[in-house]
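User: I am new to reading protein models, and I would like to go through one with you feature by feature. Could we start once it is on the screen?

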Amino acid sequence: MNRVGYGAMQLAGPNVWGPPDDLDSARQVLRLAVELGVTFFDTANAYGPRTVNQLIGEALRPFPDGVIVGNKVGAGRGPDGSWIITDHPDTVRRQVHEALADLGTETSELTYLRLGGDYPGPPSDVPLEDSLGVLVELREQGLIRRIGLSGASPEMLARARKMTPIVAVQNRFNLLDRSGVQVLADCEAQGIMFVPYYPLASGRLTGYDELTGPARRLGVAPAQIALAWLLRRSPAVVVIPGTKDPEHLRANVAAADIAAELTDAEVTRLTGLVDESKAALDRPDQSTLDALRSARERHR
């Protein structure tokens, strides 16, 4: 698998709600990603909701050999556009069937269960075993091939692995927010793919000499360095930057080659931007909390 994938959330309309203004352009970006060698696409029922999955199905089916679409269920949107956990077993089952219909495929190559273990908030009333059990059941029926988790704490990952193999975990992790570092370590030890969301820290990577220095040396953008650092941070990492812009897409894909050009000293300085020993899974850095709060306010 190409370790630079494509996160499709930005293909929805403003605030990840409704369709984009230019449907043809969105489809063209998805097709370009395949042409550039991208083999992993990340999406969710909640994007749109359902709009992005429908776009992916329209643009890419029949899916080329080797292309995997990872789709998240167990999350949804409130009437005000807010992001909510929707992990009741009946809802999870319905969302899987909706995703298959929207993508236009009989089997999901990878379905994540969205959990609430990586942000502050009350825990779900639904036991993990109940919602995850639905995915296990659907896999036995041939509707799912692989199961992943999104927003998992180390404890959640351990509980899930008692029920079923977990092939991928998607948690927050970037240069400025290392809250998923323990889950990353667990994934490394267990041979699980780790997929960091917000890989570019929601556009907050500006003014850091640790980024701009390597960028100037290599003649690339700081965002490319941030992606390259993630690839160097762990062999378990697959990055999923998203964009609507074809040139940004090309730049993101190029991060795989840039990663090999970073010196060990540059990687060390980038890693040292945050004290990972103090990272806490359920306590995002303040700038991440501000971004989440701003997103909620936009939906009110």
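User: In which loop is P62 found?

Analyst: P62 is found in the loop between α2 and β3, where helices (H or I, at least four residues) and strands (E, at least two) are DSSP runs, numbered from the N terminus. Before we go on, note that this is a predicted model, in which local features need pLDDT of at least 70 and side-chain atom pairs count only at pLDDT 80 or more, while totals for chains, interfaces and linings use all residues. Residues are numbered from 1 along each chain as its sequence is written, and side-chain values use heavy atoms, with hydrogens and water left out.

User: What is the peptide bond from R61 to P62 like?

Analyst: As a general idea, most residues other than glycine have a negative phi, and most peptide bonds are trans. Here the bond from R61 to P62 is cis, with omega near -5°, and a cis peptide bond also joins G48 and P49, with omega about -10°. P49 is found in the loop between β2 (40-44) and α2 (51-60). As for phi, N15, in the loop between β1 and α1, has a positive value near 60° although it is a residue other than glycine.

User: How should I read the sheet, and what is the order of its strands?

Analyst: Strands of a sheet pair through backbone hydrogen bonds, either parallel or antiparallel; two strands count as paired if DSSP finds at least two bridges between them. In this model an open sheet of 7 strands runs in the order β1-β2-β3-β6-β7-β8-β9, with parallel pairing. β1 (6-7) and β9 (193-197) stand at the edges with a single partner strand each, so one side of each has no neighbour in the sheet. Strand β3 (residues 68-73) pairs with strand β6 (residues 110-114) in the parallel sense over 4 bridges, and G70 stands opposite L110 in β6. Helix α4 (residues 128-140) packs on the sheet, touching β3, β6 and β7 (147-150), and its direction makes about 170° with that of β6.

User: At what angle do helix α1 and helix α9 pack?

Analyst: Axes are lines fitted to C-alpha atoms, for helices over the stretch in contact, and angles run from 0 to 180 degrees between N-to-C directions. Helix α1 (residues 23-35) and helix α9 (residues 246-261) pack at about 25°, with their axes 10 Å apart. That makes α1 roughly parallel to α9, since angles under 35 degrees count as roughly parallel, over 145 as roughly antiparallel, 65 to 115 as roughly perpendicular and the rest as oblique. V29, L32 and A33 of α1 make the contact with P246, L249 and R250 of α9, contact meaning heavy atoms within 4.5 Å.

User: How do α7 and α8 cross, roughly parallel or roughly perpendicular?

Analyst: The axes of helix α7 (residues 209-218) and helix α8 (residues 222-233) come within 8 Å and cross at roughly 105°, which makes α7 roughly perpendicular to α8. L211, T212, P214, A215 and L218 in α7 meet P222, I225 and A226 in α8.

User: What pLDDT does the protein average?

Analyst: pLDDT is the predictor's confidence in each residue, from 0 to 100. The protein averages 93, and 93% of the residues score at least 70. Over residues 291-300, however, the pLDDT is below 50, and this stretch has 9 contacts in the model beyond near neighbours in sequence.
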